[in-house]
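Subject: Structure handover

Hello,

Here is the structure, followed by notes on what was found in it. Please keep the two open side by side as you read.

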Amino acid sequence: MKKTLLAVAVPAVIFSNAVSAVELLKTEEAMVDFYGQLRTQIEKYEDKDVTLNAGSSRAGVKAEYTLTETVDVFGKVEFGLNFKADGSDYTMKNRLHYVGLDTDFGKFSIGRQWIVSDDMYGAEYSYFFGGNGILHATLSKARHDSLVKYNYEGESFLLAANYGLTEDDNNQELAELFVSSSIGNFNFHFGGGVNRDKSFSVGTKTVTPNPAVPEFTKEEKITADIENTFFEGTLEYTVGPVLLGFTYYNSELAKKGSNVTIDGDGFSLGATYSWADNATAYTGVGYAAQESNALQEDGDGKTYYIGTDYNFNSWSRIYVEYGYEDGDTLGYTNKASDSFVGVKSSDSESKFAIGARVYW
């Protein structure tokens, strides 16, 4: 679950070592850690059987070396369990792979990374079912294989930006810029970006390659050149054990070479309450509306979630959550569960989940 942090603490979270990581090497000039998470979750959706699966377990190695008094070199490689609900895939695949420099002028990293808008995310605190009002990942799914990322930490603000290399159109085009800061009990960030996929899959069609053999057909992908332009602003307020947050997202999906657009507005309102030193309850609602100048019908989607976690110690926790979903979505990501929901429609569906994690 995303925890709200002061803007000046964000870089420490993005690049820090896990508290319980296994030290493979530690000297005055070098640090190498082996870390990971074992995840197990039970889920129940309407009209479906209960499932028990491994969630998004992962493991990796991260390292940092002192190059000079003012420059450090760092890197990370991480693999995750590529679980699918139908049990068709239980293989380990690469999640992250990057290297970088930490200097007095900021942190630079290149490689397969989460994009800046996903690092920032928004006022969405669920483990499983929230996120439909967070609109940055419709095309990118929140990650880029060839990303150049920059973070600069000032005395009272954080500047974060990235650019995704297209590599002869093998990757999506991506550019983002965000600023984060805090004033008193208020934390806020805002920014936006442009993401373009020149071969975005919009469906399939049945074709007959050889008219002389009409019974031989195959499915062929239908693609389009789609661009997503988005802006996001988040404001959070902390008082005692209570956190309140609100996020507004605006996006425009445009089909290049035509006047077809889909305008989206996303709203996320969430709250957390630390009911014990080692436990936090959370709840939130999300609303996303899409309006198209090409479709006869516009769509909107609503989500609601409520849950709580309980931390037995620094390396293990459990959590339970209820979610409700109704309406349409063009796609969004849930950061905590590392899952992406594609284009879909729901009809007042309830869902439940119980999860457990062990960290090292």
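Two strands pair if DSSP finds at least two bridges between them. Helices (H or I, at least four residues) and strands (E, at least two) are DSSP runs, numbered from the N terminus. This is a predicted model, in which local features need pLDDT of at least 70, side-chain atom pairs count only at pLDDT 80 or more, and totals for chains, interfaces and linings use all residues. Residues are numbered from 1 along each chain as its sequence is written, and side-chain values use heavy atoms, with hydrogens and water left out.

Overall

The average pLDDT (the predictor's confidence in each residue, from 0 to 100) is 85 for the protein, and 84% of the residues score at least 70. In residues 1-18 the pLDDT is below 50, although this stretch has 49 contacts (heavy atoms within 4.5 Å) in the model beyond near neighbours in sequence. Where pLDDT is low, the predicted coordinates should not be read in detail.

The protein has three helices and 20 strands. Of its 360 residues, 46% are buried; buried means under 20% relative accessible area, exposed over 50%, and partly exposed in between, with a 1.4 Å probe and protein chains only. Of the contacts between residues at least 6 apart in sequence, 56% join residues at least 24 apart. The accessible surface is about 18,200 Å², and carbon and sulfur atoms hold 58% of that surface. Areas come from the Shrake-Rupley method with a 1.4 Å probe; for residues, only the protein chains shown count as cover.

Strands

Strand 14 (residues 261-276) and strand 15 (residues 279-292) are antiparallel, with 13 bridges, and form a hairpin with two residues between them. Thr 272 has Tyr 282 in strand 15 as its bridge partner. Strand 15 is also joined to strand 16 (residues 299-313), antiparallel, by twelve bridges, with Gly 284 opposite Tyr 305.

Leu 25 is opposite Val 32 in strand 2.

Nonpolar patch

Ten names to look up here: Val 22, Leu 24, Leu 25, Phe 34, Val 61, Tyr 65, Leu 67, Val 73, Leu 101 and Phe 108 make a nonpolar surface patch of about 810 Å². Patches are made of residues with over 30% relative accessible area and no salt bridge, like charges being joined within 9 Å and nonpolar side chains (Val, Leu, Ile, Met, Phe, Trp, Tyr) within 5 Å. Strand 1 and strand 4 (58-66) are the elements that give two or more residues, and strand 1 has the largest share, three residues.

Salt bridges

The whole structure contains eleven salt bridges, each a side-chain nitrogen of Lys or Arg within 4 Å of a carboxyl oxygen of Asp or Glu. One joins Glu 78 and Arg 95, with the closest N and O atoms 1.9 Å apart. Glu 78 is in strand 5 (residues 72-83) and Arg 95 in strand 6 (residues 90-103), so the pair ties together parts 17 residues apart in sequence. Both residues are buried.

Lys 198 and Glu 173 form another, at 3.7 Å from N to O. Lys 198 counts as partly exposed at 38% relative accessibility, and Glu 173 as partly exposed at 28%. Asp 169, Glu 173 and Lys 198 are linked in a network of salt bridges.

Regards
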